Amino acid sequence: MSCNGAASPCAARWMNPEMGNAVAIAHPNIAFIKYWGNRDHTLRLPANGSISMNLDGLITRTRVTFDADLESDTLLLDGREAEEATLQRVSHFLDLVRERAGMKIFARVESENNFPVGSGIASSASAFAALALAATQAAGLQLDERELSRLARRGSGSACRSVPGGFVEWQAGESDLDSYAFSLAPPEHWDLCDCIAIVNPSHKEIGSSAGHPLAESSPLQAARVADAPRRLEICRQAILERDFAALSKIVELDSNLMHAVMMTSRPPLFYWEPATLSVIKAVSTWRDEGLPACYTIDAGPNVHVLCPGSSAAEVEMRLREIPGVQDIIRTFPGGPARLISE
Ligand code: PMV
């Protein structure tokens, strides 16, 4: 069944504000084993599986209101009208929700983040996880966690990992049906801290959606993908056994492999700033001296420094002393995407 505007019975149903409105929150996540490159760009089926941790305290909060009086979708991002390209991406995603719900009413989307967006703190992950949940709820759809994760994946691959809570694995899968994320362990499983060293808070020039298609042009990508099952297994075990030494080695290797692919693709992508390398070197030295810490970097210059919660204060203090580090955001394992009532 499809609805074609305000006069249809469906439209009347959505004019009830109780039914056409929902608010959801989601956390971004930091990938321990990275997703880089797609097998299918439209469906966002990844070249390899990935593992991440949701980041508590960092929040995207999104309200979706389906409104029969709207003539197009609208998007307010952190209080401002979004750029056309961002609106198009959100609108395209809402089409998936409308198709599923059998309705054609436009939506007003209002989204806010309490952290810098587009700088290697995966704002698109929390954005599409929160949007998937708020939009489906506002459209009267009740999706289970797996279905919601599959849907969020269509907006941004890593968003599928912000749907379940805690430590999360995204199985690459063979098709749209089996490419989704699930919890490996709840947030309270391991008191792990992510001290995010902000070396540049501004918006990155090449976002990950534009970066993924370049991965195949690197001669290193095939080797990175072929070795992914081995790294995933080591990471999974390290998380389950709370083995920080094993986690450190595999997380740093995986981050270095992804950035090697980025730097050797055509055109090459260099996300690092000089201070990014300063943090990498400092963290390695600290670990040699006995302070448990390791680094990982997404598609941006900021460095995620992981450490046991008991070392967090020391790690933060040392990071603040590195020239070029402008700020530190300290986060711990976060929960799943969830609805909130206002
Ligand atoms: O979900 P996307 O398209 O924003 O890609 C995320 C890519 C990385 O953040 C670099 C790695 C990852 O697995 O999160």
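The crossing of helices α2 and α4 is right-handed (near helix turned clockwise from the far one; left-handed means anticlockwise by less than a right angle). The model is predicted, with local features requiring pLDDT of at least 70, side-chain atom pairs pLDDT 80 or more, and totals for chains, interfaces and linings using all residues. Residues are numbered from 1 along each chain as its sequence is written, and side-chain values use heavy atoms, without hydrogens and water.

Helix α2 spans residues 84-101 and helix α4 residues 145-155 (DSSP runs of H or I, at least four residues, numbered from the N terminus). Their axes lie 9 Å apart, at an angle of about 145° (lines fitted to C-alpha atoms over the stretch in contact; angles from 0 to 180 degrees between N-to-C directions). From α2, the contact involves R89, F93, L96, V97 and R100. From α4, E147, L151, A152, R154 and G155 take part (heavy atoms within 4.5 Å). Five of the contact residues are nonpolar, one is polar and four are charged (Ala, Val, Leu, Ile, Met, Phe, Trp, Tyr, Cys and Pro nonpolar; Asp, Glu, Lys and Arg charged; the others, Gly among them, polar).

Ligand oxygen atoms lie 2.6 Å from a side-chain N or O atom of S158, 2.9 Å from one of S156 and 3.5 Å from one of D298. The protein covers 97% of the 380 Å² of accessible area that the ligand has on its own (Shrake-Rupley method, 1.4 Å probe).

Conventions:
Helix = DSSP H or I, 4+ residues; strand = E, 2+ residues; numbered from the N terminus. Polar contact = N/O pair within 3.5 Å; in protein donor to acceptor, adjacent residues only side chain to side chain.
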